[in-house]
Amino acid sequence: MQILNEKIRRTTLKLTKEIPEAVVISPGKSAFLQTSSEMHGACLKCDNPSCINLNSEYIKCDQVKEFPEDRDTRVCSTGAIDWDENLEVPVIDDSKCTHCGLCARQCPVGAIYYSNDKINICYEAEGYQEVPYNENNIHQQNVLINEIRSKKRTGCFIVESDQIMEDIYGRIQRSRLLPEKFLRNIMVGLGCNCATRRVGDVYIRMDAIYNASSGTFGVIEVEFGVDTLSASRGILDDIAVLHSRYQIDKHSNTALVVCLSLPNLRQGYWQVIKDIAVIENIRINTLTCGAMLILLWNQLDLDLGVADFYADYDSPTIRMLLNNKLGRNVQITEKVLGILEPFK
Amino acid sequence: MIRFRNPGTQFATQVHVMQILYKNLKDQDSFTIKDMASVIAQERLMTAYGYAGEAALELSNTEKESMNSALMNAKMYAEVLRMLGWVTPSGEKSYPLEFTYTGAHVALAKGDVRKLYEQCVFGINSPNELTARMSYTEQVRFFKCALNSFIDLDEIMYKHELCLGPMSVNDISTEEYNNMIARIKALRGNATRLKKAFLELADSLNMKSTPVDNCTRLPVALLKSCGLVVSCSTNELYPPRKMECLRITKHGKEAYAQLETMKDLRIDEFNSYGTDIQNALIRLGIYSMLQRSGYDIAPVEEIMSADEALCHEVLQGKSLLFSPYQTIKHERIDEAIGFWKEKTNNPVVASVLDESQTVVGGRTAVNAITNWDLDVETKERLEWLKLEEDDDFLHRVKELVGIENSQEQIVNTLFEYYHSAKQGTFYPLISTLFKIMGFQCAFSRPGDNGARWDAIIDDELRSIPIEIKSPTEEEHISVKAIRQAVENKIVLLSRRTHITERSVTTLVVGYYLPNERAEVSRIIQDFKNTFGIKVGVIDLHTLLTISISVLIDGVGFDKEKLYELEGMISANS
Ligand code: SF4
Ligand code: SF4
């Protein structure tokens with residue numbers, strides 16, 4: 001008996017009439033696409049919507065080929081964005097959405113934007129043509145998307161503020177998303193390859209590994225709770241395992257600890273990070289989800305080999321480091337949510 | 001009650017495992033659990049003690065214990081895939097397996113397989129011909145019945161209500177179903193009532209309550225994967241207690257509305273029909289599942305309409321809810337749809353694991369326990385034993401010397417005695433024992449956040465931090481404790497509160513040596529290779545054996561060995 005084919009549920013997709021020279025992400029509305037006319041980002045009804053699924057090449061890490069990475073390619077850690085088969089477009093369920101903007105970062109034309117306290121998708125704009133869904137047009141669309149991705153992309157998706165960060169952190173905590181996968185998707189949004197341990201795998205202790213396009217490699221521990229000391233200990237374990245079993249030299253391992261809020265001074269974390277730097281000459285980076293999202297909203301990449309996020313007991317803050325990356329002062333009040341400096 | 005004995009693995013993983021297995025094993029007529037284990041490990045879908053891929057498999061081959069874990073892993077997947085009707089027993093026994101026609105569609109799907117997956121979830125029904133010797137008798141299409149229950153129970157259910165409800169009902173009887181709903185409604189409002197009913201259920205099944213609770217993991221995972229329910233925490237059901245419950249989604253309600261209109265065919269009714277009708281129902285069952293999942297049925301449309309005509313009395317205009325691969329043996333299905341697999345002539349080079357289940361790959365055996373001769377030389381130094389806690393211990397030993405015959409018995413009695421020790425007793429005890437062995441040892445009082453280590457051997461040149469795990473924290477020393485010992489060493493080197501050298505050991509002391517000895521040995525080796533830090537691990541029994549020998553025989557102990565200690569030691573192994 002023959003194997004049946006999946007029915008093609010698609011009828012149309014879209015192309016732009018002109019190839020934009022640059023994509024400028026703008027807060028409050030869909031992106032501005034630089035063409036001969038005034039063009040804005042609107043959904044292309046992608047054959048392979050990158051707002052929903054990541055390219056599986058990005059969720060593995062070539063330096064450690066044996067790493068048993070999770071293969072779930074979903075961009076959205078809460079399942080808020082999904083494909084509507086009748087409308088043939090992605091739709092977002094705001095009740096599940098954390099407003100993280102990861103889907104928006106993946107959309108080639110910047111059709112996804114933040115306004116009225118939620119994430120929106122622009123479906124219609126001037127300068128697009130709707131074409132039948134067929135081999136040829138799918139190919140054309142892929143060529144177009146690759147072309148647009150090679151252009152300059154600048155601008156800002158959300159201008160950070162205390163209020164917005166509080167909303168997002170509240171939503172992240174309520175959503176009970178899997179921290180490792182959320183982090184992995186943020187790393188991919190920041191231009192890295194990142195592989196995370198498969199959910200439920202008890203034999204691999206390290207949470208994730210990443211590499212930036214320049215080749216910077218590192219291991220990541222994610223700690224969304226308060227047990228940050230276990231993260232610094234975990235990192236030493238990870239570095240040792242990679243050094244001794246997988247031939248990743250300890251000094252070529254640009255390790256990173258990611259938390260929701262920076263550890264409080266009394267937890268001992270900052271002191272230990274300093275001890276490790278003094279004794280082992282290993283600088284462990286520390287970042288918060290909030291800081292990473294701000295980078296991502298500003299269309300920036302993360303390469304800790306070029307500009308690190310090292311902070312320790314002597315100066316337990318990442319504010320200046322973030323300002324340097326942004327080229328401006330970050331607009332988060334001191335200590336708010338522990339995003340840039342510890343609460344206490 | 002239906003026993004779903006499987007951890008709830010993720011949807012994405014299940015589909016991925018299926019796709020990988022199909023790619024690797026489709027050319028074999030059938031495959032064993034060992035074949036599966038081999039593919040799963042090679043494709044990095046299984047790991048063993050920090051190794052993945054080939055290395056994990058090699059470990060699995062050389063260590064009986066992890067071999068079993070590789071097979072367990074494969075078996076776990078096999079059971080889920082069989083339950084979903086993607087693989088099926090090839091012969092009379094549960095294994096070996098072969099791929100089903102439906103399974104091949106999942107494996108080869110390019111698009112979104114969620115719809116077909118959901119159809120397979122709705123296909124799960126009991127009893128069926130595939131699960132031999134079940135310990136339950138319920139006649140139920142569980143997931144359909146569960147959705148119905150959600151709707152009848154104000155859209156929310158607590159997981160234990162699933163056990164008491166749809167997992168323990170014959171849904172073919174409307175009366176029984178209604179009684180079940182009424183019973184659950186009557187439980188609501190009082191958490192004690194629910195708990196009592198749940199414990200009674202466990203009792204009646206001759207099970208402890210935890211394994212009964214575990215039976216909800218797979219169904220909850222499947223319901224969630226399909227987006228039929230979501231978690232919600234609410235105190236609506238059993239006020240004032242806030243409980244982690246499940247709420248049916250809009251999609252769940254729509255899915256049920258559709259299921260309700262269908263002809264739900266179960267095995268007994270199926271068996272009551274003649275062969276022609278049965279064959280037609282098999283074909284219709286399979287094709288209609290694919291049709292509902294968005295497959296193009298044009299090539300089989302004619303067959304389907306002919307079959308529908310043949311079965312019109314059974315169906316009475318309804319569409320068919322019947323998943324043959326989840327209900328009957330595949331021989332009958334093959335007969336109805338014709339053998340679907342393409343035969344190839346190349347026999348496949350099978351697994352890495354050999355037939356006898358033993359060694360294939362080479363991995364140097366890990367020396368889990370370094371034996372340590374206890375040559376005891378130096379004289380005891382009792383002058384450090386001044387604390388009340390030290391006194392206590394010495395007293396206890398003296399008493400025992402009067403009662404017990406041998407040193408071994410004394411050690412065993414003490415070892416037993418400290419089995420329930422908390423930090424407050426255990427830290428001083430360890431410190432006392434090191435003092436008896438001739439080391440100046442000081443412990444930290446629990447809750448003293450300033451100190452990083454739990455005790456320290458304060459030496460003029462070679463101080464040793466000690467990480468202590470009391471048996472009430474963890475009976476067996478864990479990898480976590482090893483990590484802490486490494487941190488202790490780095491902190492000590494950096495902050496220089498006591499003098500030491502990098503080459504001096506950092507200790508972990510606990511009640512029992514680690515369970516995962518191979519992995520602990522390896523990680524100790526890794527720390528040594530990477531940072532040049534030596535971690536020594538000692539259990540209480542060893543410390544007691546040495547100390548009692550020092551006390552009773554009055555002989556000393558070769559202290560040099562401790563400074564250099566690396567790996568696990570055990571005096572009585
Ligand atoms: S929102 Fe963007 S990525 Fe998603 S389908 Fe539309 S154009 Fe493609
Ligand atoms: S903004 Fe974040 S949470 Fe919301 S749909 Fe996009 S990826 Fe999902």
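Reply: The account below begins with the interface and then turns to the parts around it.

This is a predicted model, in which local features need pLDDT of at least 70 and side-chain atom pairs count only at pLDDT 80 or more, while totals for chains, interfaces and linings use all residues. Residues are numbered from 1 along each chain as its sequence is written, chains are lettered from A and ligands numbered from 1 in the order in which they are written, and side-chain values use heavy atoms, with hydrogens and water left out.

Between the two chains, 63 residues of chain B are in contact with 51 residues of chain A, contact being heavy atoms within 4.5 Å. The area buried there is about 5000 Å², and carbon and sulfur atoms give 50% of it; buried area is the accessible area (1.4 Å probe) that two parts lose on being put together, summed over both.

Charged side chains also link the chains, with 10 salt bridges counted between chain B and chain A. A salt bridge here is a side-chain nitrogen of Lys or Arg within 4 Å of a carboxyl oxygen of Asp or Glu. One of them joins Glu244(B) to Arg176(A), at 2.4 Å from N to O.

On the side of chain B that touches chain A, helix α22 (residues 479–495) gives the most, with 10 residues. Helices (H or I, at least four residues) and strands (E, at least two) are DSSP runs, numbered from the N terminus. That side of chain B divides into 29 nonpolar, 18 polar and 16 charged residues. In this division Ala, Val, Leu, Ile, Met, Phe, Trp, Tyr, Cys and Pro count as nonpolar, Asp, Glu, Lys and Arg as charged, and the others, Gly among them, as polar.

A further salt bridge pairs Arg245(A) with Glu519(B), whose closest N and O atoms are 3.3 Å apart. This pair crosses between chains, from helix α5 (residues 228–245) of chain A to helix α23 (residues 517–531) of chain B. Over all chains, the structure holds 50 salt bridges.

The chains are joined by strands as well. Strand β1 (residues 5–6) of chain A and strand β9 (residues 295–296) of chain B run antiparallel and are joined by 2 bridges; two strands pair if DSSP finds at least two bridges between them. In this pairing Glu6(A) stands opposite Tyr295(B).

Within chain B, 3 strands form an open antiparallel sheet in the order β5-β7-β6. Strands β5 (156–157) and β6 (229–234) of chain B stand at the edges, each with a single partner strand, so one side of each is left without a neighbour in the sheet. Strand β6(B) pairs with β7 (residues 243–248) of chain B over 6 bridges in the antiparallel sense, and Val229(B) stands opposite Ile248(B).

Chain A has an antiparallel pair of its own, in which 4 bridges join β6 (residues 81–84) to β7 (residues 89–92). Here Asp84(A) stands opposite Val89(A). The two strands form a hairpin with 4 residues between them, and Glu88(A) in the turn has a positive phi of about 60 degrees.

Ligand 1 is surrounded by residues including Cys43(A), Cys46(A), Cys51(A) and Cys107(A), where a residue is near a molecule or strand if one of its heavy atoms lies within 4 Å of it. This shell divides into 10 nonpolar, 1 polar and no charged residues. Ligand 2 is surrounded by 13 residues, the closest being Cys76(A), Cys97(A), Cys100(A), Gly101(A) and Cys103(A). The shell around ligand 2 divides into 9 nonpolar, 4 polar and no charged residues.
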